[in-house]
Amino acid sequence: MSMNMYTGFTRLCKGLAVVLVGGHIIVQILPSALSYLALIPAKTIPFAWNLITAGYTEQTVYGAIISTIGLIYLGKLLEPIWGSREFLKFIFIVNFLTSVFVFITTISLYYITRLEIYLYMPISGFQGVLSGFLVGIKQIMPDQELAILKLKAKWLPSLALLFSIAISFFTADSVSYLPTIVFGTYLGWIYLRYWQKKPETKLKGDPSDEFSFSSFFPEFLRPVIDPIATVFERMLCGRRSETSNEERGYTLGGSMLPGSDPIEASRRRERGARALEERLAAERLAAGKKAEESERDVSDNV
């Protein structure tokens with residue numbers, strides 16, 4: 001197995017991985033700490049900080065392993081392209097807003113069903129941010145072929161979401177993870193679609209058709225999804241997205257302007273693909289040098 005799989009992890013991702021592992025160890029040594037770190041809707045007021053800490057608290061060994069591996073490998077692709085500051089900002093915002101929406105969902109479920117389990121079930125884990133990372137992969141390298149799955153990277157968020165929904169039919173505690181994954185995916189898209197700042201152009205978001213909400217669905221469903229997505233966009237974002245697009249020069253009289261942001265978005269994806277290829281090439285070169293050095297050491301010892 002190539003050594004480049006185990007190299008090139010960023011310092012920030014390594015630090016966040018330590019936080020995830022440390023959070024898991026704390027709740028294993030001190031189970032009572034879970035009441036203060038996890039999102040427990042009945043205790044969120046006054047323990048409002050659990051809207052932040054819940055995302056970094058893994059309750060199971062499997063969760064800690066999957067989240068840590070997902071963080072360092074996906075971060076290895078995203079952070080060099082976004083930059084460390086933007087990468088950290090994405091994590092914080094998606095994690096916090098996901099927790100807020102999960103809190104609202106569980107409170108709503110309680111009032112609908114009157115089941116107290118929705119108030120006192122501890123909800124935590126990094127899966128919301130990981131889902132947002134998959135949306136980032138979809139954005140920067142949509143046509144990258146995944147050798148293992150024989151699938152393009154643009155389908156990763158949809159596939160992960162579909163798999164989670166399928167699993168939820170066979171698990172009793174799906175509320176502890178499914179809303180987090182759903183909102184993590186959606187809010188990751190909202191952030192990248194409308195809020196992410198691009199210093200090189202001083203614009204926000206990615207309005208390209210290839211990154212529209214309907215792009216998460218198969219082609220035959222898009223004529224149905226597009227009108228629904230437009231309604232929700234106006235409800236959640238108001239007129240802001242329409243006016244901001246006009247102000248930025250995306251459209252003029254209904255036609256696209258030359259050099260508008262969709263073109264920039266396409267260039268960014270090309271840069272992402274190039275950055276990935278350069279990183280992989282550098283890692284292969286480093287691995288080759290290490291192999292040569294080890295062979296030289298062996299020959300010297302002989």
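**Notebook: burial, cores and surface**

I began with Ser131, which counts as buried at 8% relative accessibility; buried means under 20% relative accessible area, exposed over 50%, and partly exposed in between, with a 1.4 Å probe and protein chains only. The model is a predicted one, in which local features need pLDDT of at least 70 and side-chain atom pairs count only at pLDDT 80 or more, while totals for chains, interfaces and linings use all residues. Residues are numbered from 1 along each chain as its sequence is written, and side-chain values use heavy atoms, with hydrogens and water left out.

**Entry on Ser131**

I located Ser131 in helix H7 (residues 127-140); helices are DSSP runs of H or I with at least four residues, strands are runs of E with at least two, and both are numbered from the N terminus. I then looked up its contacts (heavy atoms within 4.5 Å). Leaving aside neighbours within four places in sequence, Ser131 is in contact with Ile181, Gly184 and Thr185.

**Entry on the nonpolar cores**

Next I searched for nonpolar cores, which are sets of buried Ala, Val, Leu, Ile, Met, Phe, Trp, Tyr and Cys residues joined through side-chain atoms within 4.5 Å. The largest holds 33 residues, of which Leu71, Phe87, Ile91, Phe126 and Phe133 touch the most other members. At least two residues of this core come from each of H1, helix H4 (61-82), H5, H7 and helix H9 (178-195). H7 supplies the largest share, seven residues. I followed Ile91 and found that it touches Leu16, Tyr56, Phe126, Val129 and Phe133, not counting residues up to four places away in sequence. Another core, of 13 residues, lies apart from this one and includes Leu39, Ala54, Tyr118 and Leu187. In soluble globular proteins, nonpolar side chains tend to be buried together.

**Entry on the salt bridges**

I searched the whole structure for salt bridges and recorded two; the term requires a side-chain nitrogen of Lys or Arg within 4 Å of a carboxyl oxygen of Asp or Glu. In one, Lys152 pairs with Asp143, and the closest N and O atoms are 3.9 Å apart. Lys152 is partly exposed at 35% relative accessible area, and Asp143 is exposed at 53%. In the other, Arg222 pairs with Glu219, with the closest N and O atoms 3.1 Å apart. Here Arg222 is buried, with a relative accessible area of 19%, whereas Glu219 is exposed, with 59%.

**Entry on the surface patch**

I noted a nonpolar surface patch of about 450 Å², made by Val21, Ile25, Ile26, Ile29 and Leu30. Patches are made of residues with over 30% relative accessible area and no salt bridge, like charges being joined within 9 Å and nonpolar side chains (Val, Leu, Ile, Met, Phe, Trp, Tyr) within 5 Å. Ile29 belongs to helix H1 (residues 11-29) and is exposed, with a relative accessible area of 62%.

**Entry on the backbone**

I looked up two backbone features. A cis peptide bond joins Ile45 and Pro46, with omega of about 20 degrees. Pro46 lies in the loop between helix H2 (34-37) and helix H3 (50-53). Arg114 is not a glycine, yet its phi is positive, at about 65 degrees. I found Arg114 in the loop between helix H5 (84-113) and helix H6 (117-120), and it is exposed, with a relative accessible area of 54%.

Terms used. Accessible areas come from the Shrake-Rupley method with a 1.4 Å probe; for residues, only the protein chains shown count as cover.
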